[in-house]
Structure formats: C-alpha cells, structure tokens
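Hi,

Here is the structure I promised to pass on. Have a look at it first, and my notes follow below.

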Amino acid sequence: MTAPADDGFVHPALFYRTDEDYLAALVPFAVDGLAADQPVAVAVPGRRLDLVRDGLGGHARHVTLLDMAREGRNPGRIIARVLRRFADRHRDRRVRIVGEPVWAGRTDQEYPACAQHEALINTAFTGRDVTILCPYDVSALDDRALADARATHPEIWEGARRLPSDRYAPDAVVARYNEPFPDAGEVVVIAVTADLAPARRAAARWAAALGLPADRVPDLELIVTELTTNGLRHTDGPCRLSVRREHDRLVCEVRDTGRLADPLAGRRPAEPGQRSGRGLLLVNDLADLVRVHTGAGGTTVRVVLDLGARG
C-alpha cells in the first residue's frame, strides 16, 4: 500500500473484508509510521483492538492503543478526546492515527452522529500534519455506510489500490443528518426560567423515577445546567426541557429558538484559559450519545444516557 503523504492532512477510508485484509493494511501503516519517527495511535473497537495488538507484536508497546467502543461510544467526543488529544501532544511531528468509529454494532440512533463525525474531521484537521485512516468493514456494513464513507473521505484505500473518491462531499453529509427528531411520544416537559435550579431538580427527580442509576444523576444535572444555560443565554425565546425513557436509555432534550451555526461546537478541545464555550464539550463528555438538530425554528440537543450502571 502506498505510504501517506509527507505533509498536509490525509484522511482515507480503508475498505476491508477479512481480518487478514485488516492487518495487512494497519500493521504496515503503524510500523512504517514508527520507523519514520511519527507517533502512532490506533483507536478501534473491542476485538479489533486485540487483533491489532497481536498483529503488531513488539511494536505494540510503542503505539497508543484505544478501545473506540469505549472512548468513542458517543461519536461527538471523538475529535476532541481521541484524535485531537493525541495529535495535539505531538504538534512538532507528523502523526498517524487509525480511527474506526463506524462498525456493524452501531445503532440506528448512533449512526447519523458517526457519519457527521467523519465528515467534520476534514474541517477539524485542515492544515494539520496528520493522517487519520478510517477502516470500514465492507462485509458487515450496509450500502448507506459505505456510500457515506466515500462522501466523507477524499481517498479510498482498498487492497493495494489508493484512489481519490469521486463522491467526496462532507458538507452534504453533515446537512443530510441534521434531521429533526421523531415525535417523542409521552414525555415529561419541564419549563425553564432564569432560575435553573427548579428545572435541574425536576429533571433529576424524573430521571431517577425512570430508572437512571444514582451515580449518573449528577451527570444529568450538569447536562441540564449546561444546555439550559446556553439556551437562555444565547436566545430571546423560551427554552423547553423534556425527559423520557426509550427502552434501556434515558433521553433528555433541550429545545430553544437559537440556531447553532458551528457544526464543530462541542467537538474542539478547550484552549488554555478559555472561560466560555465549554458547555457542549462537557455534555459530549458526560453523555453516551449527543445529537443536534438546528433549523429555522430553533435548535434541539438530544442527549442519551444508558440506564445501566457504569462499570
């Protein structure tokens, strides 16, 4: 496989079918990077991480290995907390990262956030000396995921071939998945006023009644505080908070009349000394999934928390 460029940002999708395909691409990618004195990180889910670790052998101790199923469970935190965190530690050198945010176990609720994440990588890393290689299992993923991979990656790597994508259109992917959320059905609606304390307490009380474990109630209270504060601070209209249960997940939505113009909001690491603009970043850290819909009528932030206790 052709080596990545020596400068500038490179963001290929790797199409693979078997474990052998996977290792034949990723092991040389990592080992060649180490040989060139380039820091290397591999963030892939579960069993794939074990496969790469074994394939790297003694080289594994020089590679940062991360379980994407844990680190990137919420796709909204991957850019800041996985990719940028590693790349920013090595600003003086070119960096290689393998990031696999899309796999067959992703739910229909998670997938749109994954596709938007892949599209936004291109904006987040413009001008950086970074290669981010994103594997896609063509034997397990559906046609939509593979089509989106071609739209969010300027290059496609498959076997020994390295070709430009003729369908590259990341902004179109971000726009397509900026979709309104379906009607919630039965929800608990909480009015939000300038005094946030009653809304925060009410949300926590209802969440506990709906099954949120006690150790996650403080997370919910912080999420509600950050989202409603933003809604009241940056808009001149009402702010609506709702809480409901969907199967084994708690869903919290905050709707306001503002329009979120920056698709990377909440995905950039906070800069040293930054005093504001951390709210959505914190929400992404705390939540198991964050989705945003913004349009002419306002913005809805949909936050999902798993109802099982964290291990």
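**What I found**

A35 sits in helix α1 (residues 19–35); helices here are DSSP runs of H or I with at least four residues, strands are runs of E with at least two, and both are numbered from the N terminus. Before you read on: this is a predicted model, so local features need pLDDT of at least 70 and side-chain atom pairs count only at pLDDT 80 or more, while totals for chains, interfaces and linings use all residues. Residues are numbered from 1 along each chain as its sequence is written, and side-chain values use heavy atoms, with hydrogens and water left out.

Back to A35: this residue is exposed, with a relative accessible area of 69% (exposed means over 50%, buried under 20%, partly exposed in between, using a 1.4 Å probe and protein chains only). Its C-alpha atom is 36 Å from that of V174, which lies 139 residues away along the chain.

Strand β2 (residues 40–44) is another story. Five of its five residues are buried, so β2 is largely enclosed by the rest of the structure. Both faces are covered, with V40, V42 and V44 buried on one side and A41 and A43 buried on the other.

And what does β2 pair with? Strand β4 (residues 95–99) runs parallel to β2, joined by four bridges (pairing takes at least two DSSP bridges); there, V40 has R96 as its bridge partner. Strand β3 (residues 64–67) is also parallel to β2, again with four bridges, and A41 is partnered with T64. Between β2 and β3 the chain passes through helix α2 (residues 47–56), in a right-handed β-α-β crossover (clockwise from the first strand over the helix to the second, with the strands pointing away from the viewer).

Cheers
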